[in-house]
Amino acid sequence: MRQALVLGFVAAFVAGPWLQAAAQTEDPVAAEFDKFREVLEQDNPAELWEVKGEQLWKTPRGPKNASLEKCDLGLGPGVVRGAYAQMPRYFADVDRVMDAEARIVHCMITLQGFTYAELAKAPFSSATRTPDPVSITTYVAAQSAGMKFAAPQNHAEEKATYAAGKEIFFYRAGSFDFSCASCHGVDGQRIRTQPLPNFTKPDQAIRAVQGWPGYRMTGGVMHTLQWRLNDCFRQQRFPEPGYTSETLSALLTYLTVNSNGQVYKGPGIKR
Amino acid sequence: MKLTTLAMLAGGAALLASCATGPGGARSDALSMMKRDFHAQGIAGMDRLKEDKVQAACNKYNDNPPKEVAEKLQREQYATVKFPADGKLLGDWKAGEKVAQNGRGMAWNDKGGVGGSCYNCHQIGPATTSFGTIGPSLYQFAKLRGYGADVQRYAYAKIYNAKSYSACSQMPRFGHVGALTDQQMKDLTALLTDRASPVNQ
Amino acid sequence: MADPMKIRATVQGDVADVRVLMAHPMETGQRKQAGKAVPLHFIQSITAQLNGKTVFSADISQAISRNPVFAFKVKGAKAGDKITVTWKDNKGETRTDETTVRAGS
Amino acid sequence: MLQTRRTVTFGLAAALGAALLKPLSALAAWNQGAFQAKSALDGMKALGITNPQDSGDIVIRAPDIAENGAVVPMDITSNIPGTTSISVFIEKNPFPYTGTFEFAAGAVPFVHLRAKIGESTPVRVVVAAGGKFYTAAKEVKVTIGGCGG
């Protein structure tokens, strides 16, 4: 990520001469962030939610008093290892493509008897509460750490969903005429000091999905990609996308397929 | 709506066997998905998902419309610019700096327009090093371009409706969509074009 | 009840590297939620024992980050030894977890 | 990494509870006076720290510029023989005294911690060794970041 920042200085900067001089050398701030990012990642509080998520996965809960151990994440009922890196994918039982959290929520509804309304009511973490699907997604994601992303593009619906996701990515609308691509469609740019990876490029798309679910230092809360995309649309000045909706699965299909072949490092730590 | 179902309905199942995209193509799938999946939140209504003329053209041509289309759009957009009734384009650059720093406004958790988010994308004053690079540097804006009325008018109109000069510019149309008040735009114009502004030192 | 800690203890030579993750809000008393200040709520004391003998302890303030992370090193430890960590917060709540020292790779 | 994770044991001793919280001699009680002091100097006074000597044998590894002031990681090591405790003062925080870490027989005088830092500040460390106090400080800058993550 920090490499992109340095790149940003070199490539996008032609204006201020005093800055050009600075651009010749590596950005010391970025280097410093990098160094301590490693320190922070060594002990990541995200692991606390992995533990919690594992318990939630294995404990009989909900009106049907069932565990999630029969939940099919695409590799067969109960198979968790490797599943996260191979989603979003098409699920015949719902005849749509689902990302990991969408599938987990689906399982909580069908196997445990929770309702979508109660799960979607306050789906994002606050200082005092981490919703169960967030912990469970963190657990599931951790079981794909070290594996390569391999979101399938075999079923016709998976291909169509990728294509729709790409359209959504480039769709400019809203008060500020923004699309996802406004910030993430060009190499080497940054917003304030934050590097903006170009998600249309395979080598950079990984930055959209790497490190999620992530422990966010701001607020000290655990967030998933459902939250991340929700907040992107807020900053895009769009209305709000539905939690675990097909729109978000489509966008995640576009981003993940673009990252296929790259290694997922597991739950991360975010600014 | 299931994408395959859409394709089947079109009666083109055989033709589309290897591609489940609906009859209107991926774009139509995407639009119907978004229309169904989004909901109004705070000040952000569902109307925001609809493209206006500029957005439609930029989406259609991948931000690169043919010259004549672009020029027509730019003329139309420039016509939306309402210059201040009192004829004064320069406000207070100090107030402008605050507007430029403020990144809030128009999101569903805002009450309306708040700031200009200028530093998100532009280098402006020399004191702020945490600036974005999505837009060009505006440092020494008038020092490089001149302090005349034409430069002030250009700055004001660009802030009011950036699409007046570049149909598919990534910059929002702050005046056109009511994200900034006349006074805020005057203050920003001063930040960029006032001789006393640190931007021009 | 407080959520469990996550403790990792690996020995290299005769020094055990002990790393602890704690689930705690560490409220400073300054944060506001729905217009009301969230009361001060933070871990005050930490004690770590090697096979029942205290080797490391700390008194801390609310300035320690939310979901605290600590690491320390214990000499004379070997694989199979027990490391026990206990914290106690300003509301009197306490939590103890234990792990076994593992040989480092 | 995964290997290590799986070997970790959880919550086994929850029932042992507060019985284990036997304070070390020097840490008889959580020092309210020191923790509520508004300056590092007052905090030190309340702790009985007097005349700390500057020392090059205290190593503070902390970022020059922290990515996020809510979580500033630091590794503190004392190379002073006979070190019994390390105390940390974040000078510009509203309550600078952040904590004291005590090392009994066998513990290496090292601690990794993560603290909240409100504004750019010196982080001052005081080491107690052989009945004397030693000190060193490291400047940490805190920045404003962008959005998202």
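**Figure 1. Helix 10 of chain A and what sits over its buried residues.** In this predicted model, the cover over the buried residues of helix 10 of chain A includes helix 11 and helix 12 of that chain. Which residues of helix 10 are buried? Within the run 202–209, they are Gln204(A), Ala205(A), Ile206(A), Ala208(A) and Val209(A). After the helix comes Gly211(A), with a positive phi near 85 degrees.

**Figure 2. The interface of chain A and chain B, taken as a whole.** Here 48 residues of chain A are in contact with 65 residues of chain B. The two chains bury about 4700 Å² between them, and 57% of that is on carbon and sulfur atoms. On the chain A side, Tyr171(A), Arg172(A) and Arg192(A) lose the most area to chain B, together 18% of what that side buries. If you are used to other ways of sizing an interface, note that the accessible area lost when the parts come together is often the number given.

Figure 3. Four salt bridges are counted between the two chains. One salt bridge joins Asp63(B) to Arg172(A), with the closest N and O atoms 2.9 Å apart. Several elements of chain A each put at least two residues on the side that touches chain B, among them helix 2 (17–24), helix 9 (180–184), strand 3 (189–191) and helix 11 (225–235). Which element gives the most to that side of chain A? Helix 8 of chain A does, with 10 residues. Sorted by class, the side of chain A that touches chain B has 24 nonpolar, 12 polar and 12 charged residues.

Figure 4. Glu97(B) sits in helix 5 of chain B, which covers residues 93–101. Leaving out residues up to four places away in sequence, Glu97(B) touches Tyr119(B), Thr128(B) and Leu191(B).

**Figure 5. Arg8(C) and Asp43(A), a salt bridge between chains.** The closest N and O atoms of Arg8(C) and Asp43(A) are 4.0 Å apart, and the two form a salt bridge. Arg8(C) comes from strand 1 (residues 6–12) of chain C, while Asp43(A) is in the loop between helix 3 (28–42) and helix 4 (46–58) of chain A. Are these two residues buried or exposed? Both Arg8(C) and Asp43(A) are buried. For scale, the structure holds 33 salt bridges over all chains.

Figure 6. Why is the pair about one helical turn apart? Lys58(A) and Glu54(A) are separated by that much because they are four residues apart in helix 4 of chain A. An α-helix has 3.6 residues a turn, so residues three or four places apart point the same way. Lys58(A) is partly exposed, at a relative accessible area of 39%. Glu54(A) is partly exposed too, at 31% relative accessibility.

**Figure 7. Arg61(D) and Asp75(D), a salt bridge between two strands of chain D.** These two residues form a salt bridge whose closest N and O atoms are 4.0 Å apart. The pair links distant parts of the chain, with Arg61(D) in strand 2 (residues 58–61) and Asp75(D) in strand 4 (residues 72–78), 14 residues apart. Arg61(D) counts as partly exposed at 35% relative accessibility, whereas Asp75(D) counts as buried at 18%.

Figure 8. Chain C has zero helices and 10 strands. Its C-alpha trace spans about 55 × 25 × 20 Å along the principal axes. Of the 105 residues in chain C, 61% are buried. Among contacts in chain C with a separation of 6 or more, 59% come from residues 24 or more positions apart.

Notes: Residues numbered from 1 in each chain as written. Chains lettered and ligands numbered in written order. Predicted model: local features only at pLDDT ≥ 70, side-chain atom pairs only at ≥ 80, totals over all residues. Heavy atoms only, no water. Contact = heavy atoms within 4.5 Å. Buried area = accessible area lost by both parts, 1.4 Å probe. Salt bridge = Lys/Arg side-chain N within 4 Å of Asp/Glu carboxyl O. Nonpolar A, V, L, I, M, F, W, Y, C, P; charged D, E, K, R; others polar. Buried < 20%, exposed > 50% of the residue type's maximum accessible area, 1.4 Å probe, protein only.
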